[in-house]
Amino acid sequence: RRLFFLQQMDPGNVSYNVPHAFMVSGHITRQRLRGIFEQLITRHEALRTSFNIIEGEPVQIVHKKAAFDIDYHETDEEKIPSILASYNHSFDLTKLPLFRLALLKLGEDKHLLIFNIHHSIFDGTSMAILFKEFGMLYNYQELAPVAYQYRDYAEWMAKEEQKELLKKQEGFWLHQLRGQLPLLHLPADYERPAVKSFEGEHTSFILDRETTAALKEISAQNDTTLFVTLLTAYHILLALLSGQEDIITGISIANRRHAHLAHIIGMFVNALVIRSYPHGTKRFKDLLQEIKETTLQAYDNQEYLFEDIVEKVQFKREPGRNPIFDAMFVLNNEDIEDIEIPGLEFSACE
């Protein structure tokens with residue numbers, strides 16, 4: 001629902017596309033790939049889902065079949081960037097399929113497999129599920145039946161007992177975000193635009209072994225996780241850059257606490273809000289414990305959807321800012337297993 005509305009507000013936006021590309025060494029055919037994905041589409045309703053507005057409400061429409069094809073090109077590696085870009089245009093969420101597949105033949109036993117899907121039907125855990133089942137089907141292994149689908153989760157969320165739970169969680173979030181919410185003021189090279197865009201750059205770096213080991217040691221000494229240690233450091237960084245002592249960030253949560261949700265392809269991820277008060281006189285380990293406690297409480301109230309927080313909490317809305325928080329911290333651990341298929345080797349591409 002959240003991603004449907006965001007896409008409708010900006011139909012050309014590709015920020016919620018989830019693209020992946022894999023270099024494949026060995027003999028692979030378009031026909032074999034199509035047969036495997038036909039099985040996956042039959043198995044998972046999310047892969048044959050579209051959305052529409054009915055009587056003013058967005059609804060999930062599950063189709064019996066989803067016609068799709070795998071584009072095939074014989075090309076050379078110099079043309080890969082332009083071909084990849086051509087597969088990252090926006091999706092119309094009212095039309096099937098909400099994913100694209102392409103196979104580029106670069107040599108006799110060298111291919112590039114492109115998979116792009118919209119976030120409204122897919123998340124990081126879904127990718128792990130898809131990878132695992134793809135490998136099993138390619139190896140002619142039998143898959144256990146899928147007991148539940150995404151619509152079962154949606155219907156469960158609408159039940160009365162679930163509504164009572166969410167009412168309690170609402171009270172937690174209203175307390176956490178009481179009073180005037182701070183706007184994050186970071187020094188920047190440019191004026192903030194009147195309307196938010198998704199333009200920007202990224203930078204990449206790898207932490208060395210010594211730094212990583214030291215971070216894990218700090219986490220162990222303070223009885224917390226690497227995630228909370230890094231999140232605390234992030235809050236301190238934002239406080240130092242902004243000169244503010246009331247910091248709000250967003251974090252992502254898989255939101256699959258129930259065992260039945262572990263094998264369902266779909267969009268479960270929720271955004272949680274973490275608020276801290278990194279005063280200049282506060283010791284690091286004290287702030288670490290405060291953020292640890294705040295994060296654990298947020299996890300306990302993770303089913304309450306971020307868009308509902310936005311509706312309930314009082315704050316100044318600005319079209320140039322994200323609601324409630326302007327900065328997020330994400331530590332991905334999708335646990336995607338390597339695909340092990342005799343005669344084939346898959347390696348992910350940036």
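I began with the contact pattern of the protein chain: among contacts between residues at least 6 apart in sequence, 76% join residues at least 24 apart, where contact means heavy atoms within 4.5 Å. I note for the record that this is a predicted model, in which local features need pLDDT of at least 70 and side-chain atom pairs count only at pLDDT 80 or more, while totals for chains, interfaces and linings use all residues. Residues are numbered from 1 along each chain as its sequence is written, and side-chain values use heavy atoms, with hydrogens and water left out.

**Entry 1: the whole chain**

I counted 10 helices and 10 strands in the protein chain, taking these as DSSP runs numbered from the N terminus (helices H or I, at least four residues; strands E, at least two). I then compared the radius of gyration, taken over C-alpha atoms, with the globule rule of 2.2 Å times the number of residues to the power 0.38. For 350 residues a compact globule would have a value near 20 Å, and the 22 Å of the protein chain agrees with that. The C-alpha trace spans about 65 × 55 × 40 Å along its principal axes.

For the surface I used Shrake-Rupley areas with a 1.4 Å probe, in which, for residues, only the protein chains shown count as cover. The protein chain exposes about 20,300 Å², and carbon and sulfur atoms supply 53% of it. Of its 350 residues, 43% count as buried, with buried meaning under 20% relative accessible area, exposed over 50%, and partly exposed in between (1.4 Å probe, protein chains only).

**Entry 2: the nonpolar cores**

I looked up the nonpolar cores next, each being a set of buried Ala, Val, Leu, Ile, Met, Phe, Trp, Tyr and Cys residues joined through side-chain atoms within 4.5 Å. Which residues touch the most other members of the largest core? Among its 41 residues they are Phe115, Phe134 and Phe346. The elements that give two or more residues to this core are β1 (17-25), α2 (30-43), β5 (99-107), β6 (110-118) and α4 (124-138), and α4 gives the most, with eight residues. Leaving aside neighbours within four places in sequence, I listed the contacts of phenylalanine 115, which include Phe37, Phe99, Leu101, Phe122, Met127 and Leu130. A second, separate core holds 36 residues, among them Leu215, Ala271, Ile309 and Phe315.

Leucine 98 sits in the loop between α3 (80-86) and β5, and I recorded it as buried because its relative accessibility is 1%. Not counting residues up to four places away in sequence, leucine 98 touches several residues, including Thr49, Phe51, Phe91, Leu93, Ile117 and Ile121. Glutamine 169, which is 71 residues from leucine 98 in sequence, is 32 Å from it in space, C-alpha to C-alpha. In the loop between α3 and β5 I also found proline 97, which a cis peptide bond joins to leucine 96, with omega about -15 degrees.

Leucine 272 belongs to strand β8 (residues 270-276), and it counts as buried because its relative accessibility is 0%. Beyond four places in sequence, leucine 272 touches Trp173, Thr249, Gly250, Ile251, Ile253, Ala298, Tyr299 and Gln302.

Where did I find positive phi outside glycine? Glutamate 55 has phi near 55 degrees and is found in the loop between β2 (49-54) and β3 (57-62), where it is exposed at a relative accessible area of 81%. Tyrosine 140 likewise has a positive phi, about 60 degrees; its place is in the loop between α4 and α5 (150-157), and it is exposed with a relative accessible area of 67%.

Leaving aside neighbours within four places in sequence, serine 25 is in contact with Asp109, Gly343, Leu344 and Glu345. The C-alpha atoms of serine 25 and valine 14 are separated by 29 Å, although the two residues are 11 apart along the chain.
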